[in-house]
Structure formats: C-alpha cells, structure tokens
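Subject: Structure handover

Hello,

Here is the structure I promised to pass on. Please open it first, then read my notes below.

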Amino acid sequence: MASEDESGSPLLLIVDAANVVGSVPDGWWRDRRGAAERLRDRLAADGLPGHAGPLEIVLVVEGAARGVESVPGVRVEPAPGSGDDHIVARVAGAGERPVLVVTADRELRRRVRELGAEVAGPRTVRPA
C-alpha cells in the first residue's frame, strides 16, 4: 500500500462515505447523516489501520450527509453532484501524490485506478 512519495507528501486517503456506510446493513438508512458522522469520527480516531506514516483523510459525502462537518484529522467534502465524480476529480488533482480510495463501487474503482490511485474495500476502514 502506498505511504508517501519521494517528496514526503502524505498518503491521501479518500473515503466514499455513502459506499462505506452502505456496506454494513446496520440501519444506516434511518439516519444517513448520523452514519456518516460515526464513520468520520472512527476515521478521526483510528486513521487507516495498519498505516503508520503521514496521512491526509478526505471523507466525500453526498445527499442527506452533505451537512456533516469536518473534524480535526478528517476533512469532509460535500460532493456538489455525484460523489463518484467528486472523488475522481480529487484523484485527478492529486498529481504524483500517493492516493488510496476506499470504496466497493466497481466503476469508481476502475476510474480512479486509471488515474493511478490504489483502491481498497470498505473493511479497510470499517469492520464488518
């Protein structure tokens, strides 16, 4: 898994909130915003399990979760339209920086891999 590039840029971890929250049928649909906030708080507390290096975490939210605010350690970015398109744009704008996108969405995985990002499934940041 990527950690940092030669210039010392920290790994950019981009988390597809809707996909990760939706990966476990725990009633998240009753409170989408609350589920996204719990994911944000878990990311702020735990970071990326198994990753010891510098890390920048971006949680991309959409729909009912757009009101979730950033906290220290996790920047929340509301997608103005499609969350997938926002994630692809963030990866495209990362330049040579190492990027890991957390999602199970096959099409999104394909799109970001084409741009040089690594991908991982929801269990990377959320236990089943």
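With which arginine does glutamate 56 form a salt bridge whose closest N and O atoms are 2.5 Å apart? The partner is arginine 97. A salt bridge here is a side-chain nitrogen of Lys or Arg within 4 Å of a carboxyl oxygen of Asp or Glu. Glutamate 56 lies in strand β2 and arginine 97 in the loop between α3 and β4 (99–102), so this pair ties together parts that are 41 residues apart in sequence.

First, some ground rules. This is a predicted model, in which local features need pLDDT of at least 70 and side-chain atom pairs count only at pLDDT 80 or more, while totals for chains, interfaces and linings use all residues. Residues are numbered from 1 along each chain as its sequence is written, and side-chain values use heavy atoms, with hydrogens and water left out. Helices (H or I, at least four residues) and strands (E, at least two) are DSSP runs, numbered from the N terminus.

**Salt bridges**

The structure holds nine salt bridges. Side chains of opposite charge can pair when their charged atoms come close. Glutamate 56 also forms a salt bridge with arginine 75. There the closest N and O atoms are 2.8 Å apart. That pair links distant parts of the chain. Glutamate 56 is in strand β2 (residues 55–61) and arginine 75 is in strand β3 (residues 74–78), 19 residues apart.

Arginine 75 meets glutamate 77 in a salt bridge too, at 3.0 Å from N to O. Shared partners join Glu56, Arg75, Glu77, Arg90 and Arg97 into one network.

Are these residues buried or exposed? Buried means under 20% relative accessible area, exposed means over 50%, and partly exposed is in between (1.4 Å probe, protein chains only). Glutamate 56 is partly exposed at 22%. Arginine 75 is partly exposed at 33%. Glutamate 77 has 12% relative accessibility, so it counts as buried.

**Helix packing**

Two packed helices are described by the angle between their axes and the distance between the axes. Helix α3 (residues 83–92) packs with helix α4 (residues 106–114) at an angle of about 15°. Their axes are 9 Å apart. Axes are lines fitted to C-alpha atoms, for helices over the stretch in contact, and angles run from 0 to 180 degrees between N-to-C directions. The two helices are therefore roughly parallel to each other (angles under 35 degrees count as such).

Which residues make the contact? From α3 come Asp84, Asp85, Ile87, Val88 and Val91. From α4 come Leu108, Arg111 and Val112. Contact means heavy atoms within 4.5 Å. The residues of this contact divide into five nonpolar, no polar and three charged. Ala, Val, Leu, Ile, Met, Phe, Trp, Tyr, Cys and Pro count as nonpolar, Asp, Glu, Lys and Arg as charged, and the others, Gly among them, as polar.

Aspartate 85 of helix α3 is partly exposed, with a relative accessible area of 41%. Its C-alpha atom and that of isoleucine 14 are separated by 13 Å.

**Loops and the end segment**

Valine 71 is found in the loop between β2 and β3. Valine 71 is partly exposed, at 23%. Leaving out residues up to four places away in sequence, valine 71 touches Arg40, Asp41 and Ala44.

Proline 54 is found in the loop between α2 (32–46) and β2. Proline 54 is partly exposed, at 36%. Proline 54 and alanine 117 are 63 residues apart in sequence and 17 Å apart in space, C-alpha to C-alpha.

Arginine 123 is found in the segment after β5 (118–120). At 69% relative accessibility, arginine 123 counts as exposed.

Best wishes

Key: Parallel < 35°, antiparallel > 145°, perpendicular 65-115°, else oblique.
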